[in-house]
Amino acid sequence: MSFEDLGVDKRIASQLSHIGITTPTDIQQQAVPVAIAGHDLLAQSKTGSGKTFAFLLPAITRLSKQKALSKRDPRALIITPTRELANQVYKQLTLIIAGTGLKATKIVGGDNYNDQVKALAKDPQFVVATPGRLVDHLDDRNFYLEGLELLILDEADRVLELGFKEQIEKINTAANHRLRQTLFFSATLEHAEVDALSRNLLKNPKRVTIDASTQEHNDITQKFFLADHLDHKIALLIAATKSAESGQQIVFTATRDDTVKLSEILEQEGYKTLALSGDMNQSKRNSIMDAFSRGQAQILVTTDVASRGLDLLNVSQVINFDLPKQAEEYVHRIGRTGRAGFKGNALSLVSAKDWQSFKAIESYLSKRIGFSEVNGLVGKFKGFKEKTHQPKQNVKTKSVNQKTNKHKKPFKKPNKAKTAKAIPAPFDVDGVAPLKRRPKKDEE
Ligand code: AMP
């Protein structure tokens, strides 16, 4: 099957073949014709499976073939949760629209506001944006969305998790007309919040699900290792990085301080590393991602700012130095490897502090996860025993001391989890970033 068979414009298909893309992936085969037919769409497919082109191709096809509703307003708006992802989508978009006469601009926090005002004044047909900065421009009436034909949310669930619901609703209101088509994409769309938003924004959407997010990713080998304490984790981390045969590696950790500390430790081991976190200014973030994607470092140590969408084909191994609190973030983190048909490894370190997150991942993936061991680095921590839940006793069946007619105090088993020896916390006692937080201006 070719892209043209799916209804993709001929010139765009030939542009794709110039970059070596000739056969549509599963998500592209399913989603592209539905979107080209004009339906609203909720599309879910595993990480690295070609989702970006699955929404870009119908958008470019629509804009090349159909007459614009408005000559001045953007015709397609693509919203991403992070600036890094916006950069990546923008790059792919500009590559494909070169020579079509269509214009695109990128509107993200951290870039110069006045330059963005000028770019918007040039009436680009495509806008790729993070929600916060886009709404600033909307509020300042630097552009209007009345003529918007396509609204696309990439990593829609993450956009909501980062607290951008209000901004998305504002965008929806500004572009609320019957001809608008709306597409939501992610590897993890099974969220009550996404459902609620999609009911509000999408009209009779079609659903395309290639793989449930919980389904095992065949191209990624996943292993988990138990760790006693910080030094043990570091020893395991070093052993894990050395076990990789080739390619680049990404180490995920909870806080910006940890990214710096771990990157220094790995530098001492002889690796060229880069540390990335959401608090850095945008040009620093861009230059780090640029350097990493050009292969100028072997290891990127980062927070979840790099967990979504980023397409780095040379990453052969992802290491979770600590586990994310939200189980679906695990799926996205490990999805930085095993992309576009390549194989990858995902190794996760689990200490007492990660136990709750580990159990959440087990329950999200609906499977029992076993642990692997590294020779010479087997620790004492074996996980916590699960609490066995006794059915709540009915008042009538409470044991009553016949002689005194008083309720007996039930015998309480000591709780192993509570009596377990305290384990030194990895760098930051607060651990992983809170589940839901207000977006920091520089994190969107
Ligand atoms: P994505 O899931 O959109 O980030 O894409 C993951 C990787 O797959 C990117 O490097 C894309 O360039 C690549 N890709 C997307 N579609 C195809 C295709 N049809 N054939 C080969 N590679 C593709």
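Which residues in H13 meet Ala360, Ile361 and Tyr364 in H14? They are Ala327, Glu328 and Tyr330. The model is predicted. This report covers three helix pairs and one annotated span.

**H13 and H14**

Helix H13 covers residues 327-334, and helix H14 covers residues 355-365. Their axes come within 8 Å. The crossing angle is roughly 80 degrees. Angles of 65 to 115 degrees count as roughly perpendicular, so H13 and H14 are roughly perpendicular to each other. By class, this contact has five nonpolar residues, one charged residue and no polar ones.

**H3 and H4**

Helix H3 is residues 51-65, and helix H4 is residues 83-97. The two axes come within 11 Å and cross at roughly 40 degrees. That angle makes H3 oblique to H4. The crossing of H3 past H4 is right-handed. On the H3 side, the contact uses Thr52, Leu56 and Ile60. On the H4 side, the partners are Val89, Gln92, Leu93, Ile96 and Ile97. Six residues of this contact are nonpolar and two are polar. No charged residue takes part in the contact of H3 with H4.

**H4 and H12**

H4 also packs with helix H12, residues 282-293. Here the angle is about 60 degrees, and the axes lie 10 Å apart. H4 and H12 are therefore oblique to each other. Their crossing is right-handed. H4 contributes Arg83, Glu84 and Asn87 to the contact. H12 contributes Gln282, Arg285, Asn286 and Met289. By class, the contact of H4 with H12 has three charged, three polar and one nonpolar residues.

**The pairs side by side**

| Helix pair | Axis separation | Crossing angle |
|---|---|---|
| H13 and H14 | within 8 Å | roughly 80 degrees |
| H3 and H4 | within 11 Å | roughly 40 degrees |
| H4 and H12 | 10 Å | about 60 degrees |

**The annotated span**

What does the record place at residues 1-29? UniProt, in an unreviewed entry, gives the feature "short sequence motif: Q motif" there. In the model, the end C-alpha atoms of residues 1-29 lie 8 Å apart. The span is 45% helix and 0% strand.

**Recap of H4**

H4 takes part in two of the contacts described. Towards H3, H4 presents residues including Val89 and Leu93. Towards H12, H4 presents residues including Arg83 and Glu84. The H3 contact has no charged residues, whereas the H12 contact has three.

Technical notes:
Residues numbered from 1 in each chain as written. Predicted model: local features only at pLDDT ≥ 70, side-chain atom pairs only at ≥ 80, totals over all residues. Axes fitted to C-alpha atoms, helices over the stretch in contact; angles between N-to-C directions. Helix = DSSP H or I, 4+ residues; strand = E, 2+ residues; numbered from the N terminus. Parallel < 35°, antiparallel > 145°, perpendicular 65-115°, else oblique. Contact = placed C-beta atoms within 7 Å. Nonpolar A, V, L, I, M, F, W, Y, C, P; charged D, E, K, R; others polar. UniProt positions renumbered as here; feature names shortened; annotations may be inferred. Left-handed = near helix turned anticlockwise from the far one by under 90°.
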